[in-house]
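Please look over the chains below.

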There are 6 protein chains.
Amino acid sequence: QEFMASRSHQPATAVTHIELHRPEKRNAMNKAFWREMVECFTQIAEDPDCRVVVVSGAGEVFTAGIDLMDMASEVLQPEGDDMARTSWNMRRIIAKYQETFSIIERCPKPVVVAVQGACVGGGVDLITACDIRLCTQDAWFQVKEVDIGLAADVGTLQRLPKVIGSRSLVNELALTARKMYADEAKESGLVSRVFPDKEAMLAGALEMAGEIAGRSPVAVQGTKVNLIYSRDHSVAEGLNYMATWNMSMLQTEDVMKSAAASMEKKSPKTITFSKL
Amino acid sequence: QEFMASRSHQPATAVTHIELHRPEKRNAMNKAFWREMVECFTQIAEDPDCRVVVVSGAGEVFTAGIDLMDMASEVLQPEGDDMARTSWNMRRIIAKYQETFSIIERCPKPVVVAVQGACVGGGVDLITACDIRLCTQDAWFQVKEVDIGLAADVGTLQRLPKVIGSRSLVNELALTARKMYADEAKESGLVSRVFPDKEAMLAGALEMAGEIAGRSPVAVQGTKVNLIYSRDHSVAEGLNYMATWNMSMLQTEDVMKSAAASMEKKSPKTITFSKL
Amino acid sequence: QEFMASRSHQPATAVTHIELHRPEKRNAMNKAFWREMVECFTQIAEDPDCRVVVVSGAGEVFTAGIDLMDMASEVLQPEGDDMARTSWNMRRIIAKYQETFSIIERCPKPVVVAVQGACVGGGVDLITACDIRLCTQDAWFQVKEVDIGLAADVGTLQRLPKVIGSRSLVNELALTARKMYADEAKESGLVSRVFPDKEAMLAGALEMAGEIAGRSPVAVQGTKVNLIYSRDHSVAEGLNYMATWNMSMLQTEDVMKSAAASMEKKSPKTITFSKL
Amino acid sequence: QEFMASRSHQPATAVTHIELHRPEKRNAMNKAFWREMVECFTQIAEDPDCRVVVVSGAGEVFTAGIDLMDMASEVLQPEGDDMARTSWNMRRIIAKYQETFSIIERCPKPVVVAVQGACVGGGVDLITACDIRLCTQDAWFQVKEVDIGLAADVGTLQRLPKVIGSRSLVNELALTARKMYADEAKESGLVSRVFPDKEAMLAGALEMAGEIAGRSPVAVQGTKVNLIYSRDHSVAEGLNYMATWNMSMLQTEDVMKSAAASMEKKSPKTITFSKL
Amino acid sequence: QEFMASRSHQPATAVTHIELHRPEKRNAMNKAFWREMVECFTQIAEDPDCRVVVVSGAGEVFTAGIDLMDMASEVLQPEGDDMARTSWNMRRIIAKYQETFSIIERCPKPVVVAVQGACVGGGVDLITACDIRLCTQDAWFQVKEVDIGLAADVGTLQRLPKVIGSRSLVNELALTARKMYADEAKESGLVSRVFPDKEAMLAGALEMAGEIAGRSPVAVQGTKVNLIYSRDHSVAEGLNYMATWNMSMLQTEDVMKSAAASMEKKSPKTITFSKL
Amino acid sequence: QEFMASRSHQPATAVTHIELHRPEKRNAMNKAFWREMVECFTQIAEDPDCRVVVVSGAGEVFTAGIDLMDMASEVLQPEGDDMARTSWNMRRIIAKYQETFSIIERCPKPVVVAVQGACVGGGVDLITACDIRLCTQDAWFQVKEVDIGLAADVGTLQRLPKVIGSRSLVNELALTARKMYADEAKESGLVSRVFPDKEAMLAGALEMAGEIAGRSPVAVQGTKVNLIYSRDHSVAEGLNYMATWNMSMLQTEDVMKSAAASMEKKSPKTITFSKL
């Protein structure tokens, strides 16, 4: 059974749309989800015909989070003859699930995520690993883990504080598990745009994806790689890495093509760039 | 003489309320303050009956900051036979005062701070070491140190830039010593909620503390520890630490208790968790 | 030909005003610009009569960014007998331009930048290396590089994420090259104040500069140095460095002078501080 | 065709022996080598019946290094429409080969490597990723890359300086490509033991492997993981990680079993430990 | 009962001698040991009359390591209602014991340790936290932990690799628990001098301590602080910290006194330095 | 007056020889020395005709270290109206002298240093910033700073621990200021070769320089850059940087030239490489 059934390659040129597609279960993340995410982003990372990814959820809500019923046996009951061995296996499991979302980050193609309705628990881990976050006016977000006795461990506690500016808010969300609605999500910077409804949001997400896809993939993917590098390094380290990266990348023919278009007042989207 | 006279253990179950209590001096931080803060948080860190802390100030204002009259002899006149020796002693003094607020951060129990009226100088050092910041509509904040010839050195310059998102604002506040009022504090993310008055704020703080205290202490305290770890590490480092932390912590019985309550649609607050 | 023609030392005591002055070309950054910036900030760093810097642009706009016509031969056509050698030279060039803006950051004197109209491409690299950002209501900002096939490489990708709190917004700006207007710049924290027009902004910038210039240069410059150190280090590292810094700096006579003025309810600006 | 043909599981209980087996080509590393190393260590990492690995080379020499003839097409001729794209593909290739040896390091089971005769180029990359290095009296080591116009890029420049104590020697070896013989290898700490001939060395390697395999796998693998963590972190970071690791691992039944054996003056090798 | 009974202040001026004194139990580390070490080094850090510390062991051997009989109840049986809670308490215990040796490192006064006979388990943790290691010809060292099912967790795995240059040797010692004798300890750099017997060693240790104690305490203690800082930071970070440290410390009168003595060809030991 | 009078460009092709040339003062480092070192290495870094540098000292000894008589006024008497201001100026001075030796490290061309007789104080700072260290049998080394009341602050405390493997030895040398002779310098790894006399050493240094100069400058200089990067970063960081560096550098024609020579069994020194 496919979890992300409606994945469709080209809503626009070089744009891949991934839809969480288990609407009858509020897109709850079951075993199939984790496996398919890895397959999907591994393939996208290698696919020269894809330059941007849009992620959204089928139906009324983005995702209700992890499907505890489906996952519990695997996640909560690690095997092992003694405490050290169950812990060892638990660590392996956590690392595997962390890796699922880290793959999104390592994929050099930008990922735009569009959220309507609920985005709960594992959903927050997912969206914080994406590059650009959009939502509808009826969206809400919930770091749910403390409600079930867990410290969130597949990315939220690591990425959320680097995604939004208010430390007080991050702590409040993670420690109280309260809901945050669209307006506060926009104010706090979790999302960069709010749309009136899902239809408008998807149109907006695809338009934004089209803008990105129309630009030099050397420039765009180099930008993503270096933005993520900068997050985890000092400014001096980031500059050093950037210079080393660009000593070759600036020699792309895309610069000449883009500069020529710019002088002729043409949009970069009129240029045909080689695949990367 | 007790500085924090009205410390009262249980405004709600497992909640400790600490009140800066020197209202006749606008809660200015005298020698007693620094000593009592250390004692107080050292004890709280060990006390299994406390799961959350609320910090507030008696009277009209949160705090006027350091009490220069009381502290000057100790802080500004270090002993020493030559310049190296006075510097050596000065460093010891600074480190000691820095440590006072770092203890709040190392205490694994979340700290909610509620600010009314003025929060000046050392007050800003204090609140940036807390986890969640609330204030009243009449509150204002002032990084006062440049006014008396000092670069703030017990935490503001280190923590404030990691607490709010706007670097331009941080720099402006620290370099000009101007006041920031409640609305700007909310917009900038320094506080996550503003209340009309002190009474409403304290009620709100205690309600929030109650929400946190009602959840699994294994989950809550693991969340605080890992949020602070994440602040100071790359995402990859944070994920590695989280996996190593949770390989044992996820095996808590609190998960089963919480999951069961969740399936029965009960609030986590109805569960009795073992002490930690 | 001077690029920054109207540099004038004392719009106020101890304040240096630098004006990008090539209004007929929208202050586009030509070869002279890069050379003069280095000379200018190298000199300011050493000049005891300067305590604060204000940077602004002559004419209608702050800057149209790099002057590709003037710079292209140097930037886009590095010499070299083979690919390694052209890359080697390209790296040297990038490092040189990065250094231009890093000099602003290493200069211990605070830099207030005032933006009207357009601030494009290299302009964003410039302002993110300044300490406090102000703008007019008609200002707009554009991370332009992806439009010409480049990942921004002289500071924007490294500093912008540490300057504003919303990661989603940073990514959107850098990946789509869309314009951001004054209101969003204020909300997101890129600028800390918006003024109705250029005249009001310059007055505001000079007033703010005057506030800073009137305070102890030991305190002010120590504050800048430590704020930048904190950005790139953990809180514990930052505190350690601060204590080591202040073990001598707190022994300045400025503290006594400032404390005395404070007790007499005088403004710090009434004090005469020794040069630094 | 298998490269590592003689891999045999149990020269001793819980010891896996991997033999580079292409003696007719001096165990030169061809395409098959790189693929099989990944498969092999991926499997070992998961195999509870393996607790220690011994790596050696068939025939007269350990390895002549990379088989340029076989690898050149893949390594030296990356595809790409322009310079940025060939560079992009080159980076992917380098990262893939780096990963081959990093897998050895990530495998929690200790790896003992035994070197006779030549160990050249890629061979040095390989052995520096192993945990314990042994060699025969006739062994020699050569960081060969500068001889063919390359800076060594799959691990030698990163690991060798952390493997031996003399920086001057590391630099000399890497910059001149001179050979280093067994005695200097022992003095410098590259190897921890020298044996008269291959037979004696293999016997010694297996005996050492047996010593390790006979001890608690929880203790042994935790030791490897934390030793590698310590290499890349400050002492304070390493201690924090260690405490978090051992808060569960020390609760293993292996401690009780080992302590009991110790009190009865029995060797740890007489204990039956559960699999990990 | 005192563990370190024969602590005697002044075998030489400004030298403190600490003797592990439980010779009837081969100086095995019991509960008293850990408590007294903390008290002892806390006091030394503050004592201006002490400038150097010598640590040695009474009787035939330096130490047999931890006294499992005395410590087991505390170390191996942490309390707790479930696995998370026992782990939480275990972590607290480990951190406490780690801290015991980290205090030696944080004490700014150099510590010379002199080892005869056995130095086992916890003894290795102890000596790697000291600054200078000496031993007798009959000394041997053993990282014993894997023999009792433990990964060494109070400092050996973190410090040993930064103390000696051969990574292969470190790994071998920690993974096989084999003994290392004096000659190999000298060759590998674990100790910097070997003496024929205990008497000669103690004389040598005191002479060395005298050399150190006779020099400027500002210079000596600044050297220790910065050597430890350097170990855990990049060269650039270390230089920055050093410059900030010495901007005050170089202004000591000790420089003038020392320079004057140097010009008169007098030993620094003839100078009377102020206490620090 | 030139300090380094006998600088002669081509003792061998592409080799620059720098001689400390103030033999009548035992090559003591006066003001001219510091200025000329900066000029000299700045020029070398840019000079495509230089691929390797040899540094040696004229006369009987390498260097007696800093010339206190000549330097004292500048180094020990910083100006300033109060303690903060003298400290500020002192820091500027230290940073300037640190920079002198850091320039050697940033110069991508390998530096071989050859030491006869004394190498004292500032001499140790100098040689630890070089890449390869050689000495004569009569050489000795002394970290002299504690003897004149200083913690060494222009590189020794930062680099020496990363240059030699024995931490105990580093601490002993820096804390006691004792001399270390050639044999111990070789054993400890400070130097990688000892020669019977100065003549033999210079011949050896030039031969080694010739070996390096004869190889691809792209490979050699990339090796130096990455070895220094590795010293200050984790293995994973080092590998990432290396891959990014080599994505362009491996595309050099030097690889083809070198590979062809290698297959024809010719020495790399027979190849003509383009300048870098």
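C:V115 is buried, because 31 other C-beta atoms lie within 10 Å of its own. The cut-offs are 20 or more such atoms for buried, 12 or fewer for exposed, and partly exposed in between, with C-beta atoms placed from the backbone. This is a predicted model: local features need pLDDT of at least 70, side-chain atom pairs count only at pLDDT 80 or more, and totals for chains, interfaces and linings use all residues. Residues are numbered from 1 along each chain as its sequence is written, while chains are lettered from A and ligands numbered from 1 in the order in which they are written.

C:V115 sits in strand β4 (residues 111–115) of chain C. Strands are DSSP runs of E with at least two residues; helices are runs of H or I with at least four; both are numbered from the N terminus. C:V55 is 60 residues away from C:V115 in sequence, yet their C-alpha atoms are 8.7 Å apart.

Contacts come next. Two residues are in contact if their C-beta atoms, placed from the backbone, lie within 7 Å.

| Residue | Contacts |
|---|---|
| C:V115 | C:F62, C:I127, C:R133, C:C135 and C:A139 |
| E:V112 | E:V52, E:V54, E:D131, E:I132, E:L134, E:A205, E:M208 and E:A209 |

E:V112 also belongs to the largest nonpolar core, which has 572 residues. Such a core is a set of buried Ala, Val, Leu, Ile, Met, Phe, Trp, Tyr and Cys residues joined through C-beta atoms within 7 Å. The residues with the most contacts inside it are A:V112, B:V112, C:V112, D:V112, E:V112 and F:V112.

Now the interface. Chain F puts 37 residues in contact with 48 residues of chain E. On the chain F side, α2 (68–76), α3 (83–106), α5 (156–163) and α6 (167–176) each give two or more residues. The largest share, nine residues, comes from α6(F).

How do the two chains relate? A rotation of 120° with 0.0 Å of shift along its axis superposes chain F on chain E, with RMSD 0.0 Å. That is the relation of a three-fold axis. In chain F, the C-alpha nearest the axis belongs to F:G165, 2.2 Å from it. The copies use different surfaces: 11% of the contact residues of chain F recur in chain E. Superposition is by least squares on C-alpha atoms of residues with pLDDT of at least 70 in both copies.

Last, confidence. The model scores ipTM 0.95 and pTM 0.96. Chain A has a mean pLDDT (the predictor's confidence in each residue, from 0 to 100) of 94, and 96% of its residues reach 70 or more.

Terms used:
Lists of a residue's contacts leave out its neighbours within four places in sequence.
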